Amino acid sequence: MMMLQDGSTQLLCLTASSGVPLFTRGASKQLPFSVIGSLNGVHMFGGGQGAVLSCCETEGGGKVVWRVFQDSVMLIAVTGGGGQGGAGSSKEEEVRLQRLLENVWSCMVLVLGQDELANVRNVERLKRDLRSCLSLIDQLLEERQEGILGNLTHCADSLLPPNPNLLQEAVDGFAQAADSEFGCLIVHGRIAAATEKWWRLAPQEVVLLSALMRSLSASGSASCDYPVFLPQGSPTVAHRLLRFQLLPGADVCVLCGPTPSLHRAESGLVVRFWTPLVDTLRDCLAVGERCLPGSVSLRPDVLALLLINRETRRSVSCVRTKHPLGDLPLPSKGRCWELLRHFYTFSTTRYFSQEETLCVSPEERAQRGNTEDFVHGFSHQPLQCYLVTEECKCYGLQTPQHQLFLLIPLSVPTFVLRMVATQTLSDIVTATGF
């Protein structure tokens, strides 16, 4: 009997010691309490026998992944058969779910701090406190905004503005005036500019702070003063996140200490640094979901792309909404984003390296390595790969600094794919310095 509908994912959170449910999210039809108890019980039984149960597959093709954090909280992800459209292999689905559990735990630390989660004194109080995390957890679980891939890649989703120098100067000056070295400008949910110290945060922290900014922006408030913990940099001491809406779709934030007050920053600093740049911000907003400035001209045979800078852990991605190749049957916009996710996971679990940012021990990382076994038999690192599906062709290119993933129409000859990829990478890097 299948536990969930095909393609759905349910997240369970329990206390590790007693198995008391703290919350469940996802999937319209929740699992019965007896099933939740069984999932917790089989994990505890394995632990009692000296075995760590981390993943299993059901008869119907579903998957269950367990993870215990700080010997205090257990997270379980359960998927129905079929995965996401049936395109991903068992290994790819396991990677996706493991990353989901790590992101959810870090999200809980971001909002509540590690101490409250690691030392549970009152379960009912913890249940109430965890409600403040749920909207952010839902965002991670449901992947609501198309084009936001940082939850999977742990690279900061970025937008490359047409006037980067002006925005960079404004962010640096605004952060300094707020007695902070950590400032960031978010446009359409993506980072358009940030201070140097912001980029030095752990990649997962940058991704989660961007997700939190999207959640706060969606609440409709013009400004807020929000306490946050940094899951890796400061899991036990809170910082203040000051966020201000500059224009609809454009927000700026700083991480700071006790000063300045929200009122002083809003009435003085925001007006001083950002009012003169209203037209520049509008130009940045006009870039939209393309994420690339007008100076970048993409080839007509590029359906979608994901470009990762491996050194800075930033990424840009886009899907063409209007394709110049005319009336050829092409995947929809939503399907292109889905295929791009699948191809990224396909490539990084088989061929390309995926810089590990998960908070796991070296022993556990070696035990559950994300790379397929046959790759370890080669003495070299693959630099390119391609995949031909019924919907499009996919091409991946890896250099010491970049990874590029492309979706290309079936009408393009396979022998041309490499040229399309190398030219696309060159065009973007030459025009933007990304």
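pLDDT is the predictor's confidence in each residue, on a scale from 0 to 100. This structure is a predicted model, in which local features need pLDDT of at least 70, side-chain atom pairs count only at pLDDT 80 or more, and totals for chains, interfaces and linings use all residues. Residues are numbered from 1 along each chain as its sequence is written, and side-chain values use heavy atoms, with hydrogens and water left out.

Start with confidence. The chain has a mean pLDDT of 87. Of its residues, 88% reach 70 or more. Helices (H or I, at least four residues) and strands (E, at least two) are DSSP runs, numbered from the N terminus. Confidence is highest in strand β7 (residues 182-187), at a mean of 97. It is lowest in helix α13 (residues 362-367), at 45. Residues 1-5 also have a pLDDT below 50. Beyond near neighbours in sequence, this stretch has 16 contacts in the model. A contact means heavy atoms within 4.5 Å. Over residues 357-370, pLDDT stays under 50. The model gives that stretch 29 contacts beyond four places in sequence. Where pLDDT is low, the predicted coordinates should not be read in detail.

Helix α5 (residues 134-142) meets helix α9 (residues 203-218) at an angle of about 115 degrees, with their axes 10 Å apart. Axes are lines fitted to C-alpha atoms, for helices over the stretch in contact, and angles run from 0 to 180 degrees between N-to-C directions. The pair is therefore roughly perpendicular (65 to 115 degrees). From α5, the contact uses S135, L136, Q139 and L140. From α9, it uses L208, A211, L212, R214 and S215. By class, five of these residues are nonpolar, three polar and one charged. Here Ala, Val, Leu, Ile, Met, Phe, Trp, Tyr, Cys and Pro count as nonpolar, Asp, Glu, Lys and Arg as charged, and the others, Gly among them, as polar.

Next, the backbone. Most residues other than glycine have a negative phi, and most peptide bonds are trans. The peptide bond from T259 to P260 is cis, with omega near 0 degrees. P260 lies in the loop between β11 (250-256) and α10 (262-274). Q70 has a positive phi, near 55 degrees. Its loop runs between β4 (63-69) and β5 (73-79). C291 has a positive phi too, near 65 degrees. This cysteine is in the loop between α11 (278-287) and β12 (304-309).

Are these two residues buried or exposed? Q70 counts as partly exposed, because its relative accessibility is 43%. C291 is at 0%, so it counts as buried. Buried means under 20% relative accessible area, exposed over 50%, and partly exposed in between (1.4 Å probe, protein chains only).

Methods
Parallel < 35°, antiparallel > 145°, perpendicular 65-115°, else oblique.
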